[in-house]
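Let's go through how to read a few features of a model, one at a time.

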Amino acid sequence: MIHLLLFCGEPFDCDIGTMMHTGLYRAEIAATLILSDINNVKEEVMSWVSDFTAAKAVLASQMSGAGKSGITISLKRSAGTELARTPDKRMRSTDSMEEAEVTAVPIRSAGSLNDTRVRSRRRGRGDGLGCTLQCGDVEENVLLVARSLRLNLTLLKNVQTLRKHVVDYCFLDDWNYAHNEQLVYYNRHAALTRANMLTMLPDVSLCDAVIECWSMLMNRLETDEYDFQRMSFFGIGHMEYLNQLLQSADQTTQDDTILDNLYEMWDLYIQDSQDVFNLNADLLFVPFNIKGHFACVCFNSKEGTVDLLDHQLHPDPNKSKICKLASLIGSALSDYLESKGIDRGSEMVMFEHRQIKLPWQSSSPNLPESGLFTMMHMLMYDGNPFDNEDLRRKISRRYLVFQLTAALILADINTIRDEVVGKVNQFLVEKDDIWTRVHAQRKINKIIKKK
């Protein structure tokens, strides 16, 4: 574009190579294109610029005192504010700007992680989910920045302050905080970045890495609570081989290398579990994921059953890939246990397959929330059907998302927890400035999108 502008048949020189000047040229060219007299929509664009400038002016004057309560922000500008001048005329703002509020969803108060709403069988030390860290008192009026939290303020009313700030930092929608920042590290196969954690949010499909960490945390909880580990949880890193197993199920000959690879993956998982996995446990959980649909199989030695834990009902198991894979996992695990010298491995082939009926099940799949359901099934199931009122209600499931997010980050087995908490403390120091920047950008984006 600069060449088209400056070249007149002879070589020329300019300082376009200087990075700072290159940026300046780009801005000048952008303004020239928009303000050109031959731009048929120039006047319309300038009216948008007026609204845009008015919003920035109001934010600059009001933001320093707004949002301190962390509950409601209300912004208005008066009519007739003088904004900008062009060679032809004076630009003025429109008469009014609609009031914008961050609203809280009405819902009953939510307790902390160690209440029975989240866990029915966890009675271990600390919060019951692997955290012995003191998370502070409950403060209702805490400034929160992440949009997902500000839209659910009432849900977080009685959550401990540190947990609020940790989840706020985790779900922060600010370009200055990288999505590849690591927030959880249990071992080399169980680690989470901010991008991974953001898949915990409602209406987003959960990533496998979250389930992998959750299984590791469940194993640690069992080891901490009981002398004999009653339950053990496989990770979900085996999905490549389980999918191959499902695809080859209809073939006349079985490819033994698939099972060999699956067993090697299980061996590796048990090795990485650092003595917190017990193949002799009464309940063995195997989570899986078929095209974004998460579910879990539990091998229940107490009842002699293979239990499918899924948020979706399957009226005809013969037509369900979920049920088919659950059956294949049963056969594979039976052979695996037998190869490890565990007597009941051969007995598992005869176990009855059943679908556990749960109050929140429906006939249609809910893929974005299937991961949350699976995490809660792994947490709550002890071999018998159970109920949880928060799982019944979509709005209350958001509360569980926030609490389980905090649990993953604040768990004692998170080797980088102290580092993350240190970053959260620095985040608190800068929170007012971050909120001003983030909220201003949201308001500007909203105006541009509306226009």
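Q: Is Arg 417 buried, partly exposed or exposed?

A: Buried means under 20% relative accessible area, exposed over 50%, and partly exposed in between (1.4 Å probe, protein chains only). Arg 417 has 11% relative accessibility, so Arg 417 counts as buried. Keep in mind that this is a predicted model: local features need pLDDT of at least 70, side-chain atom pairs count only at pLDDT 80 or more, and totals for chains, interfaces and linings use all residues. Residues are numbered from 1 along each chain as its sequence is written, and side-chain values use heavy atoms, with hydrogens and water left out.

Q: Which side chain meets Arg 417 in a salt bridge?

A: A salt bridge is a side-chain nitrogen of Lys or Arg within 4 Å of a carboxyl oxygen of Asp or Glu. For Arg 417 the partner is Asp 412, at 2.6 Å from N to O. Asp 412 is partly exposed, at 27% relative accessibility.

Q: How many salt bridges does the rule give?

A: The count is 16. One of them pairs Arg 437 with Asp 174, with the closest N and O atoms 2.4 Å apart.

Q: Which parts does the pair of Arg 437 and Asp 174 tie together?

A: Helices (H or I, at least four residues) and strands (E, at least two) are DSSP runs, numbered from the N terminus. Arg 437 sits in helix α16 (residues 431–450) and Asp 174 in the loop between α5 (161–170) and β3 (182–187), so the pair ties together parts 263 residues apart in sequence. Asp 174 is buried at 9%, while Arg 437 is partly exposed at 36%.
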